[in-house]
Protein chains: 2
Amino acid sequence: MDGEPLRVGLLGGGTVGSQVARLILEHGDDLAARIGRPLELVGIVVRNLDRPRPGLPASLLTTDAEGLVTREGIDIAIELIGGIDPAQDLILKAMSHGASVVTANKALLAAKGDELFGAAQHAGVDLYYEAAVAGAIPIVRPLSESLVGDEIQVVMGIVNGTTNYILDKMTAEGMDYQTALVQAQDLGYAEADPTADVEGHDAAAKAALLASLAFHTRVRGDQVHREGITGVAPQDIRAARGLGCVVKLLAVAKLLDDGQISVRVHPAMVPNTHPLASVKGAYNAIFVEAAAAGRLMFLGPGAGGAPTASAVVGDLVTVARNRSRGVVGPVQPMYNDHEVAPMGLVTTRYFVRLRVQDEPGVLAGVAGVFARHHISVQDVQQTPAGGKAGDASAELYLLTHEAKEADLLECVADLQASPQVQAAVRFMRVEGM
Amino acid sequence: MDGEPLRVGLLGGGTVGSQVARLILEHGDDLAARIGRPLELVGIVVRNLDRPRPGLPASLLTTDAEGLVTREGIDIAIELIGGIDPAQDLILKAMSHGASVVTANKALLAAKGDELFGAAQHAGVDLYYEAAVAGAIPIVRPLSESLVGDEIQVVMGIVNGTTNYILDKMTAEGMDYQTALVQAQDLGYAEADPTADVEGHDAAAKAALLASLAFHTRVRGDQVHREGITGVAPQDIRAARGLGCVVKLLAVAKLLDDGQISVRVHPAMVPNTHPLASVKGAYNAIFVEAAAAGRLMFLGPGAGGAPTASAVVGDLVTVARNRSRGVVGPVQPMYNDHEVAPMGLVTTRYFVRLRVQDEPGVLAGVAGVFARHHISVQDVQQTPAGGKAGDASAELYLLTHEAKEADLLECVADLQASPQVQAAVRFMRVEGM
C-alpha cells in the first residue's frame, strides 16, 4: 500500500477499545486497501497499566491521554473513555492539534454537541460518532445522508438494550422489575449501578442525537423528557397484552404540526403488529417515518464490545479516507430552530387503568370525566378486581384516542379525586397504534 | 443562501422522475440549507412532450437528453430512464462534460459497473446510486461506509416487492401463482410484462450490487445464479408452513469458507422466526451478518415513486454537498477478487418433496439414496397423498442438514429414477434456519 501510514491514537482499552484495537491490528491489510493508505495504531490509553490485557501490545499502552492526543503527527483520535470530563477536553485538544476524532460518547455529544462540532469545523477536522447511537446499527449516515433529501416526521426507537432485556423478561416470564433487573445484572446486561440505563439517561442522550440529525436542530440531552422503567408494574405488562401490545422503553422524536418537536424517552405500549414490538432482548431498533420514503426500520445489536467496535472502525475508515484525500466529510447543518415542545403539548394515545367501586353508574361517571377534559375514549374494559370475596371493586381499562398530555394529566387528577376511585390511577402512553 | 446555484438535469419524468422534480421544486429552501448552496433544476427529459404532466413546469421539459447532459454548466445529472441504452451513453457523456451523476439504474450498474465507476473516477465526478437497491432503504452507505471496518459474511434480502406481494398472497390466501400475478397486475404492483420481476432479473441485478459492496469484488448481474418464482406451487407454500417457514424470493450473497462467494436469487423457505419472514407485501428488507457487528436488518418500501425519489434526492444532496466543497465522495474500492462459486459448490439446507408408493420399505429406500449422496436428513414426514380411494401413494417431506448443491441434484436425480417414486421430485432451498 502506497503512502505514509495514518497515525491513530486510541483512548480507552476496555470492552470496546480492546475490540477496536483487535480489528485495527488483525485486519490491517483489508483496512489499508479500503482506505488507500495503511493505519498505524500508535498508542492505547488505559487507566491501569498493570491489568493484563490479552491481545493488546504492551508497547502501545500508556496512561498519558493528553500526551497521546497532542503527540506530533496524530491523524485520528478515537475516544472511548465516555463521560464529559476529561473526554471533552481530550477531544478538543486532539482537534486543535489537527487530529480528526471518532467517538462513541453519546452523553458528551448530547451535552456539548454545539461546542464540539463547532471546534471540529474551526479546526478543519472530522468528528464522527456512528457508535454513539444504537451500537452497530447504521443510523447516523442514513439520517444525515441517505434521507437528507426527505422530510423526516418521526424517529422512534428502542435504543437501550438493558431496559429492553428487562422488559422482555417481565413480558415473557411475568417477572417483576426488581427480579428481572437482578437477572440482567447477573448476566452482565445491566451495570451494578443501573441508573443510566433504567432511568433513561442513556436513551435520552441518544434521543437528543437522533432528533438533532432528523430535524436539523441541535437538541441537548437535558431537553429530552425522560421517564425510566423502574415504575413499570407486572399489571402494566399484563394490561398491554390484553390490548395486543407490549411495553417498550421508547425514544421518540416527532415533528409536530405547529413546527415544534417532541423529544422524549418513556415506557410505552406498542402494538404487536408494529415492527418495534418484535425487537427482543439486547437488540436495538430504530423506526423512521419520512414524508417521501415512508416507514423504515433499522435493527441490530445496540451494544457490546464487538458490535460497537464495528461502528467505530467504520467511522475510522471513513475519516481516514477523508484525511488521505485531504477533505472532511459533510456535517449535518443545524439550520432549523424547532422549539422542543413542553410535554403538556404533546399528543399521543393513552392507556388508563383504575380501580373503582363496582356499582351502577360508576362507568358513566368515569366516562364523564374523560369527556369533560375533551378526551375521546376508544375502548373500555371492565373486569372484577379479583380481590377478596365480597370485594365490590372492579378494574377499568381505558384506551383513548389522541389526546394532549396536559388534558390527560388533568383528567387523571380529577379521576383520582373521585370518591369511587379506590387506588392510584395509572396511565401509560401508547405509540405506533 | 450564498453561492451560485448548482445546476441539475433530470433524465426521466415518469413515476420516480416527477416525484424527484416535486421534491426539488417544493423543498428548495430546505435542500439549499442542507447543501449550503441552492439547486436549480434546469431541464427534465421526457419522451413525449404532449403528455400532460401536472406539477412539472412545461418550460423545463425537453426531449433532447444529449443536449441536456452536455449543456454548459450542468453540475449534476439524474438518470431515471432505466435500461442500458441510451442510459449508459448519456451517463458517460454527462461525466465527460464534468457532471456528477445520480442514478437508480440497477440493471445498468450491474452490467457495466466497472466502466461507469472507472469513467467517474477518470472524470473526477461522483456516481451515486442508493435508489438502485431496495428503493428508499438506505443500504449503499451502510455497506460502503458504516460497515466498512467490518468483515461482512452474508447479505440476504427481499429486494423485489412484486414477487414478495405475489408470494404473500399465495401464502395468506392460498392462491396459485397465476391468480396472484393477475391480482398484482390489476393493483399496479406488477407490470403487464412481469418478466423482469418474476424471473428474478431485477433481484439479480440488486444481488450483484450488494455482493460488490459487501465483498469489494465487482460482481456482474450475469454472474448471479437466478431462479424466479413462476415455478412455486401452492404445495410448496403449504409444505413451508408445515415446517414453520414461509417462501420468499431471496437475493443471497455469502462469503464461503474457501474465499469464494455465492451470489444467487431463488425462492427459499425462511423460518417464521427469522426477521425476513415477517416482511410483507411490497416491503423490502435486507439482512446483513458481519463478523463484529453481528446481525442487522434494514426494512422499508422497496419501490414506488416517492420512496425511490427520497433515495435519489438524498444522493443529490450528498453529491451537491461534495460538489460545492470541490470534492468527490469515497468509492468502495474493488480490491478483492473473490471468485463467484459455481452453484454446485454452494451449500445450504434443502426441503425435498416426493410422492412415493405407500408400501413397506419405501422410506428406507429413500433414506438410503440420501445417505449414498452423503446428505444428512434432519426430519422426515410422511403423509397420505390424499388422492383417489385405493391410491396407495404417500407424500414424503424431507428436510436436510447443510448439503452441497451438486450432491443434492444427484440425489434428486437418483430419487427420480427410483421405481417407487411416482411424480416429479421437487426441492426448495431453506435459508436462515
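Leaving aside its neighbours within four places in sequence, which residues is A:D75 in contact with? In this predicted model, the list runs A:P5, A:L6, A:R7, A:G98, A:A99, A:S100 and A:R323. A:D75 itself sits in the loop between α3 (65–69) and β4 (76–79) of chain A. With a relative accessibility of 14%, A:D75 counts as buried, because the cut-off for that label is under 20%. Its side chain also makes a polar contact of 3.1 Å with the side chain of A:R323.

**Where the chains meet**

Now for the contact between chain A and chain B. Each side brings 49 residues: 49 from chain A and 49 from chain B. Together the two chains bury about 4,000 Å², and 55% of that is on carbon and sulfur atoms. On the chain A side, A:R34, A:S146 and A:R321 supply 15% of the area buried against chain B, more than any other three residues.

As for polar links, there are 21 residue pairs in polar contact between the chains (both at pLDDT 80 or more). Four elements of chain A, namely α2 (28–35), α6 (140–146), β12 (294–301) and α12 (305–324), each put at least two residues into the side that touches chain B. The largest share, nine residues, comes from α12(A). By type, that side of chain A splits into 29 nonpolar, 11 polar and nine charged residues.

The strands join in too: β12(A) pairs with β12 (residues 294–301) of chain B in the antiparallel sense, over three bridges. Within that pairing, A:L299 has B:M297 as its bridge partner.

**Salt bridges**

Over all chains, the whole structure holds 42 salt bridges, and two of them run between chain A and chain B. Here are a few from the set:

| Pair | Closest N to O distance |
|---|---|
| B:E145 and A:R141 | 3.1 Å |
| A:K169 and A:E173 | 2.7 Å |
| B:D202 and B:K106 | 3.8 Å |

The B:E145 and A:R141 residues also belong to a salt-bridge network that links A:E130, A:R141, A:D315 and B:E145.

A:K169 and A:E173 are about one helical turn apart, because they are four residues apart in helix α7 (residues 161–173) of chain A. A:K169 is buried at 17% relative accessibility, while A:E173 is partly exposed at 46%.

A:E431 lies in the segment after β17 (426–430) of chain A and A:K254 in strand β9 (residues 245–255), so this pair ties together parts 177 residues apart in sequence. A:E431 is buried at 2% relative accessibility, and A:K254 is buried at 17%.

Technical notes:
Residues are numbered from 1 along each chain as its sequence is written. Chains are lettered from A and ligands numbered from 1 in the order in which they are written. This is a predicted model: local features need pLDDT of at least 70, side-chain atom pairs count only at pLDDT 80 or more; totals for chains, interfaces and linings use all residues. Side-chain values use heavy atoms; hydrogens and water are left out. Contact means heavy atoms within 4.5 Å. Buried area is the accessible area (1.4 Å probe) that two parts lose on being put together, summed over both. A salt bridge is a side-chain nitrogen of Lys or Arg within 4 Å of a carboxyl oxygen of Asp or Glu. A polar contact is a pair of N or O atoms within 3.5 Å; within protein, one must be able to donate a hydrogen and the other to accept it, and residues adjacent in sequence count only if both atoms are side-chain atoms. Ala, Val, Leu, Ile, Met, Phe, Trp, Tyr, Cys and Pro count as nonpolar, Asp, Glu, Lys and Arg as charged, and the others, Gly among them, as polar. Two strands pair if DSSP finds at least two bridges between them. Buried means under 20% relative accessible area, exposed over 50%, partly exposed in between (1.4 Å probe, protein chains only).
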